[in-house]
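Q: Could you walk me through this structure, one feature at a time? I would like the general idea for each feature and then the case at hand.

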Protein chains: 2
Amino acid sequence: MAQGILQAYREEIEGGLSRALEGDAPLRSLLRYHIGLEDEHGTPTRPAGKFLRPSLVLFVAEQLAGSLETALPSAVGLELIHGFSLIHDDIQDRDRVRRGRPAVWTICGIEQAINAGDLMHALAISTALGSSPSAADCLIRATQEMIEGQCRDLEFERRDITAEDYVAMIDRKTGALLRCAFELGGIASGVNGRVRSTLAGLGGSVGRAFQIQDDLLGIWGEDDVLGKATGSDIRRRKKTLPIVLLFERAVGEDEAALKRLYGGEEAAEGGIADDDVAWVVGRLDALDVRAACDTLVRGYLNEAIDRLRRLPFSDDGRSRMEELIGFLARRER
Amino acid sequence: MAQGILQAYREEIEGGLSRALEGDAPLRSLLRYHIGLEDEHGTPTRPAGKFLRPSLVLFVAEQLAGSLETALPSAVGLELIHGFSLIHDDIQDRDRVRRGRPAVWTICGIEQAINAGDLMHALAISTALGSSPSAADCLIRATQEMIEGQCRDLEFERRDITAEDYVAMIDRKTGALLRCAFELGGIASGVNGRVRSTLAGLGGSVGRAFQIQDDLLGIWGEDDVLGKATGSDIRRRKKTLPIVLLFERAVGEDEAALKRLYGGEEAAEGGIADDDVAWVVGRLDALDVRAACDTLVRGYLNEAIDRLRRLPFSDDGRSRMEELIGFLARRER
């Protein structure tokens, strides 16, 4: 069997990222650090990231007989957009750790970290223009949707939300770049119409499954695997899907206690205490929320596999994509 | 005599900005507020900004027989990049007032203001792509330079700098977008080679004059005209050109007192007290720093006029541009 999708293009992607971020101009070293091309002292390292999004671009381009050379700048641009969003997200959430290492803002301060994200954003688009104007346009539109999703996510901290609100938010915050990954592969191959919309649909299904899996890891993931504290999403009152479903299911005393923990402006000032985090995890288990989320993830993955079958991929390509989809459902980080 | 450059294209520019920022999607109303298209309650208003940069794009395009319709998206994109940079700058500098109104971050908080800037950045580039890929490329490169300039500017707060460092910084922070304004006008007209590099040179001279004039206003500007507190650049220890020159000229007790006020990590924590601000202003006057800055501004404006004469503008166009250059040298905001 051929190499897995996440292994097949790492060399090209790392090379492209290195070229996009090379030089001594201000902030470049910080950007290389963020992507994992350097450690804090400027010594070259191998990046720890999965490079899921650019790998998907290149895989789809290859399957649809597009040119990898044409696709690569847009794949690298997409990874840089993802990287820029993480720099700014970590400031917004005051997350001190990213992939097991100090977040950019903890190294250079919030002010310069805003600049670092801004620069990575601009470099992303200028890199993607190297593929084609339509690739750059697709990437910018996805970036706009992603930012709108991040805006909604922050708003959610201050009001009650439904599972529907939540899915609409992740379709933007996470889904936009994953849909874009599949579309960029299609753009590099010159496909349009039904194939392109099926690609976007596949990306949408993968995006939902991926984000809900991420939410599960944010509560039940292991510290050392994930590189950040288990339960941290509860501690910070993030309204991820498990919490939204818990609110829908809780009644009586449970409901009242949850409202005290999550509700109101006053509560939002500090984090949730360790004892209360443990109580929330207990209620999630008791009310079968984890199982419900697992079912949703599997549903979106099945939807993805269904869409995958309608794409003109090779048999080998289809089975490699199915393998990746299975990996995303089982991943621990 | 024909209409001034800053008046001639306002309608097209406001229309283009309105279209770029229309709709109910998250953050759009906040972006319209920032540009001055709406007040805090969403009621339409006329923007107070000069729209210097987009006016220059359209004026240059007109002079070089380019199409205004082709140039407009890039002109609007350039103004949006300027707007994005101001949203993030105000966060970084903790400036609470922008053009006499509350800064975006004071309304929606730092977290959402980061998103608002990010969204305006992305919208800027997708708007500019409506002119041409090369216009978008020019704008993105200028954006990168501008961000690098902002990075240097923040660094300057923490170390000694020379007048040379200062000019290298403003060539990026302010100069990049002004050079880009002239270049975008050229791109919309299909000019290349010598004309394009003369356009960039003219933008560079105007940029230096404009920024040093801004520095003068940051110390000697009137409160009600500028919409921000006079002396605020001193209070915040901004190392603008007057301060850099003051450091070069001060000796003995003056030098020691300045070093105490501006030097070291400890000093950088709080603002400079009102009495000390008044003392700094006194020393600037005593050591003829204001006159020296005025001389520099006039020098760069003369350089600009010299470059202007080498461009194939109409006689009327040349005199309108000279009028604008004169206005920039005398402006009070």
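A: The contact draws 31 residues from chain A and 31 residues from chain B, where two residues are in contact if their C-beta atoms, placed from the backbone, lie within 7 Å. This is a predicted model, in which local features need pLDDT of at least 70 and side-chain atom pairs count only at pLDDT 80 or more, while totals for chains, interfaces and linings use all residues. Residues are numbered from 1 along each chain as its sequence is written, and chains are lettered from A and ligands numbered from 1 in the order in which they are written.

Q: Which elements give two or more residues to the side of chain A that touches chain B?
A: Elements here are DSSP runs numbered from the N terminus: helices (H or I, at least four residues) and strands (E, at least two). On the side of chain A that touches chain B, the elements giving two or more residues are α5 (68–93), α6 (104–128) and α7 (133–156) of chain A. The largest share, 13 residues, comes from α7(A).

Q: Now helix packing. At what angle do α5 and α6 of chain B pack?
A: Axes are lines fitted to C-alpha atoms, for helices over the stretch in contact, and angles run from 0 to 180 degrees between N-to-C directions. Helix α5 (residues 68–93) and helix α6 (residues 104–128) of chain B pack at about 155 degrees, with axes 8 Å apart. Therefore α5(B) and α6(B) are roughly antiparallel; angles under 35 degrees count as roughly parallel, over 145 as roughly antiparallel, 65 to 115 as roughly perpendicular and the rest as oblique.

Q: Is the crossing of α5(B) and α6(B) left-handed or right-handed?
A: A crossing is left-handed if the near helix is turned anticlockwise from the far one by less than a right angle, and right-handed if clockwise. For α5(B) and α6(B) the crossing is left-handed. By class, their contact has 18 nonpolar, 7 polar and 1 charged residues.

Q: How do α10 and α17 of chain B cross?
A: The axes of helix α10 (residues 193–220) and α17 of chain B come within 8 Å and cross at roughly 160 degrees. That makes α10(B) roughly antiparallel to α17(B), and α10(B) passes α17(B) in a left-handed crossing. Among the residues that meet are Ala209(B), Ile212(B) and Gln213(B) in α10(B), and Val297(B), Tyr300(B) and Leu301(B) in α17(B). The class count for this contact is 13 nonpolar, 4 polar and 5 charged residues.

Q: Is Val297(B) buried or exposed?
A: A residue is buried if 20 or more other C-beta atoms lie within 10 Å of its own, exposed if 12 or fewer, and partly exposed in between, with C-beta atoms placed from the backbone. Val297(B) counts as buried because it has 22 C-beta neighbours inside 10 Å. Its place is in helix α17 (residues 289–309) of chain B. Not counting residues up to four places away in sequence, Val297(B) touches Ala209(B), Ile212(B), Gln213(B) and Ala329(B).

Q: Which residues touch the most other members of the largest nonpolar core?
A: A nonpolar core is a set of buried Ala, Val, Leu, Ile, Met, Phe, Trp, Tyr and Cys residues joined through C-beta atoms within 7 Å. The largest has 192 residues, and Leu139(A), Leu184(A), Leu139(B) and Leu184(B) touch the most other members. Leaving aside neighbours within four places in sequence, the contacts of Leu184(B) include Val57(B), Leu78(B) and Leu139(B).

Q: Where should I look for a positive phi?
A: Leu27(B), a residue other than glycine, has a positive phi near 80 degrees. Leu27(B) is in the loop between α2 (10–20) and α3 (28–35) of chain B, and with 26 C-beta neighbours inside 10 Å it counts as buried. Ala65(B) has a positive phi near 60 degrees and lies in the loop between α4 (52–63) and α5 of chain B. With 11 C-beta neighbours inside 10 Å, Ala65(B) counts as exposed.

Conventions. Ala, Val, Leu, Ile, Met, Phe, Trp, Tyr, Cys and Pro count as nonpolar, Asp, Glu, Lys and Arg as charged, and the others, Gly among them, as polar.
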